[in-house]
Amino acid sequence: MDIWCGTWRICEEILQKTNSIYACDFSPVSIDVFQKKKILPEKNIFMHAITTTIPFKNDTFDVITSCQVIQHLYLDDLLFSLSELTRVLKQWWIIVASTYNFNHFGFSVFEEIFTNGLYAKRFTPAYIKYLAKQNGLTVKYIWYYSVNPILHWGNNKVNMLLEYILSSIPFVNKYLWKYLFFVLQK
C-alpha cells in the first residue's frame, strides 16, 4: 500500500514489481488525478482521512510506502496513523518512508506552519526511533540521500558509490542530503 500517494510517483514504480498495490490519499484532488492516469484499477484507489481507521483487516499488507508526507502530520495524527499502518502490516514486514531532511543546508525548518497553512516538522534519526518505539516497530535502516545532479555525470555505478560513501560520513550526511529514508519493521 502506498499511503498518502499523491498523484502517482511511488505506485507507478512499485507496480512494475508486484501484481497488487493499493493507493490512498486524503486529498480528493490527488485521488481524482491519480484515477485519471489509470495506473491502477479504481477499486485499488481510495480516499482515507488521516485521523480515521484504515479500511483493511489486520495483517493485510507486506509493504507500506510513504514518500515525503509524514513530516507534515502533527504528532497526534502521526502516532495514530503509524498505529494504523502497524495494524494493517503483516508480521515481520516493513514500512518504507522518506521525509525531507530539514537539517539540509537549504532548509531552515524545525517546526513551522507556513503561510499556506502547511505544517512541517524536522525528522531526525532519533525522532524516527522514537516514533518506531511508540508503535512497537524496529528501525531497520535510516539513510540520508539526494538526487544530486553533480553526482550523476558519467558512470552511474561510480556516482552511486560516491553518493553512498558521502552519505555515510557522520555530520556530512546530516547537512548534505535533502532527504531522510527509513525502513521500519513490525
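Predicted model: local features only at pLDDT ≥ 70, side-chain atom pairs only at ≥ 80, totals over all residues.
**Stop 1: salt bridges**

Start with the charged side chains, where the count comes to 4 salt bridges. Select lysine 186 and aspartate 59 to see one of them, with the closest N and O atoms 3.0 Å apart. The two partners come from distant parts of the chain, 127 residues apart: lysine 186 sits in the segment after β9 (179–185), and aspartate 59 in the loop between β3 (45–47) and β4 (61–67). Aspartate 59, at 40% relative accessibility, counts as partly exposed.

Next, select lysine 90 and aspartate 62. Their side chains meet in a salt bridge, at 3.1 Å from N to O. This pair also links distant parts of the chain, 28 residues apart, with lysine 90 in strand β5 (residues 89–100) and aspartate 62 in strand β4. Lysine 90 is partly exposed, with a relative accessible area of 30%, and aspartate 62 is likewise partly exposed, with 32%.

For a salt bridge within a helix, pick arginine 87 and glutamate 84. Their closest N and O atoms are 2.8 Å apart. Both residues belong to helix α3 (residues 75–88), and they are 3 residues apart, about one turn of the helix. Glutamate 84 counts as buried, at 8% relative accessibility.

**Stop 2: two backbone angles**

Now turn from side chains to the backbone. Most residues other than glycine have a negative phi. With that in mind, select glutamine 68, whose phi is positive, near 50 degrees. Glutamine 68 is in the loop between β4 and α3, and it is buried, with a relative accessible area of 9%.

Then move to tryptophan 92, which is not a glycine and yet has a positive phi of about 75 degrees. Which element holds tryptophan 92? Tryptophan 92 lies in strand β5. At 61% relative accessibility, tryptophan 92 counts as exposed, whereas glutamine 68 is buried.

**Stop 3: aromatic rings**

Show the aromatic side chains next: the structure holds 10 aromatic pairs. Begin with tyrosine 22 and phenylalanine 56, an edge-to-face pair with 5.1 Å from centre to centre and 70 degrees between the planes. Tyrosine 22 is in the loop between α1 (9–14) and β2 (23–25), while phenylalanine 56 is in the loop between β3 and β4, so this pair links distant parts of the chain, 34 residues apart. Tyrosine 22 is partly exposed, with a relative accessible area of 22%.

Tyrosine 141 lies in strand β8 (residues 138–145) and phenylalanine 181 in strand β9, so the pair ties together parts that are 40 residues apart in sequence. Tyrosine 141 is partly exposed, with 36% relative accessible area, and phenylalanine 181 also counts as partly exposed, at 25% relative accessibility.

Lysine 121 lies over the face of tyrosine 127, at 4.6 Å from the ring centre.

**Stop 4: the cavity**

The last stop is inside the protein. A search of the whole structure finds 1 cavity of 30 Å³ or more. The volume of the largest cavity is about 70 Å³. To display its lining, select Ser66, Ile70, Leu78, Leu82, Leu85, Ile95, Ala97, Phe123, Ile128, Leu131, Phe182 and Leu184.

Which elements give two or more residues to this lining? They are α3, β5, α4 (125–134) and β9. Helix α3 provides the largest share of the lining, 3 residues. Colour the lining by residue class and you will find 11 nonpolar residues, 1 polar residue and no charged residues.

Methods:
Residues numbered from 1 in each chain as written. Heavy atoms only, no water. Helix = DSSP H or I, 4+ residues; strand = E, 2+ residues; numbered from the N terminus. Buried < 20%, exposed > 50% of the residue type's maximum accessible area, 1.4 Å probe, protein only. Phe/Tyr/Trp six-rings, centres within 6.5 Å; stacked < 30°, edge-to-face > 60°. Lys NZ or Arg CZ within 6 Å of the ring centre and 35° of its normal. 1 Å grid on protein atoms, 1.4 Å probe; cavity = no way out; pocket = protein on both sides within 12 Å on 5 of 7 lines; lining within 4 Å. Points joined across faces, edges and corners; volume = space filled by probe spheres on them. Nonpolar A, V, L, I, M, F, W, Y, C, P; charged D, E, K, R; others polar.
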